Amino acid sequence: MRVTSNSFAPRSASGFIVLEGVNGAGKTTLQNRIAEFFKTNAQEVITTREPGATALGKTLRSLVLEHPQEAPCEMAELFIFAADRAQHVEKIIRPGTARGAWVISDRYFYSTVAFQGYGRGINQNTINQINALAIAETRPDLVILLDLDPATGLQRTQRRQHEPVTGTDTFEKETLAFHTRIREGFLSMADSMQEAFAVIDAAQNQQHIFDATLPYLQALLKAPRVGVGA
Ligand code: Z5A
């Protein structure tokens, strides 16, 4: 469900926020600003990501993005992302929210719907079943969708030659049509899913993007915390 900064008034907050978008949309950049916001409001923050947040996840990330031995087939790719997610939920997300931290994740199961579903064409019912097993009903208070023309996103990531390798090669090599389907998939989820989606125009500069996000964060901070246990 799309929400606006005026309509977003959560009755409670579990403390879990997700950032989504096409490659190079600016999720990591915004994640750092959001973390600063919560820290300046005296809150504990955990910044995390998929794939690769846990020790096991780091190995899974390399299997799926760098595949030193052989590229996973599409179904194996789906299961590797799901395995990473199950471990992430169990080891980082639920323990974090249970102790009152704000857990901000760069990507979550929406990326599987977008990349493996809209991108690769795997049946959405299959994806939904696997995602449901991996997340064990752990859903965020808010999904911040950084909406961007994928050509701009790819230009941004190709420009950052000096920055550490992120391992996105598998997906960066895909066609523009693939990335356009990903963008459309995210927008369609914002309209159809039960979670609150804040859709932010990610073509703006970084300050504008943070300013557009701020009212949602303030609304979350005002909401009473409910524990999502480990
Ligand atoms: N994947 C999947 O297929 N299925 C799944 O279930 C999951 C993931 C969970 C993970 O790659 C890949 O796995 C991902 C989806 C797939 N591949 N793709 N494509 P990753 O974690 O390594 O990379 P990523 O998630 O795609 O993120 P990214 O490429 O690192 O981009 P970002 O975090 O959104 O952007 P950024 O690092 O903040 O910014 C990118 C550059 O743009 C950087 O130089 C910034 O300084 C610059 N930037 C940021 N904001 C702006 C603005 N507003 N204007 C101009 N320039 C900007």
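**The ligand and its surroundings**

A nitrogen atom of the ligand has a backbone N or O atom of Q204 at 3.0 Å, which falls within the limit for a polar contact, defined as a pair of N or O atoms within 3.5 Å, where within protein one atom must be able to donate a hydrogen and the other to accept it, and residues adjacent in sequence count only if both atoms are side-chain atoms. This is a predicted model, in which local features need pLDDT of at least 70 and side-chain atom pairs count only at pLDDT 80 or more, while totals for chains, interfaces and linings use all residues. Residues are numbered from 1 along each chain as its sequence is written, and side-chain values use heavy atoms, with hydrogens and water left out.

An N or O atom in the side chain of Q116 lies 2.8 Å from a nitrogen atom of the ligand, and a polar backbone atom of K27 is 2.9 Å from a ligand oxygen atom. The protein buries 89% of the 1,100 Å² that the ligand exposes when taken alone, with accessible areas coming from the Shrake-Rupley method with a 1.4 Å probe and, for residues, only the protein chains shown counting as cover.

The shell holds 30 residues, of which T28, T29, R61, R107 and T112 come nearest; a residue is near a molecule or strand if one of its heavy atoms lies within 4 Å of it. By class, the shell divides into 7 nonpolar, 14 polar and 9 charged residues, where Ala, Val, Leu, Ile, Met, Phe, Trp, Tyr, Cys and Pro count as nonpolar, Asp, Glu, Lys and Arg as charged, and the others, Gly among them, as polar. The largest share, 4 residues, comes from α4, helices being DSSP runs of H or I with at least four residues and strands runs of E with at least two, numbered from the N terminus.

**The sheet and its loops**

Six strands form an open sheet with parallel pairing, in the order β1-β6-β5-β2-β4-β3, two strands being paired if DSSP finds at least two bridges between them. Because β1 (2–3) and β3 (45–49) stand at the edges with a single partner strand each, one side of each is left without a neighbour in the sheet. Strand β2 (residues 16–21) runs parallel to β4 (residues 102–106) and is joined to it by 4 bridges, and D106 in β4 is the bridge partner of L19.

The loop between β3 and α2 holds P51, and the peptide bond from E50 to P51 is cis, with omega near -10 degrees.
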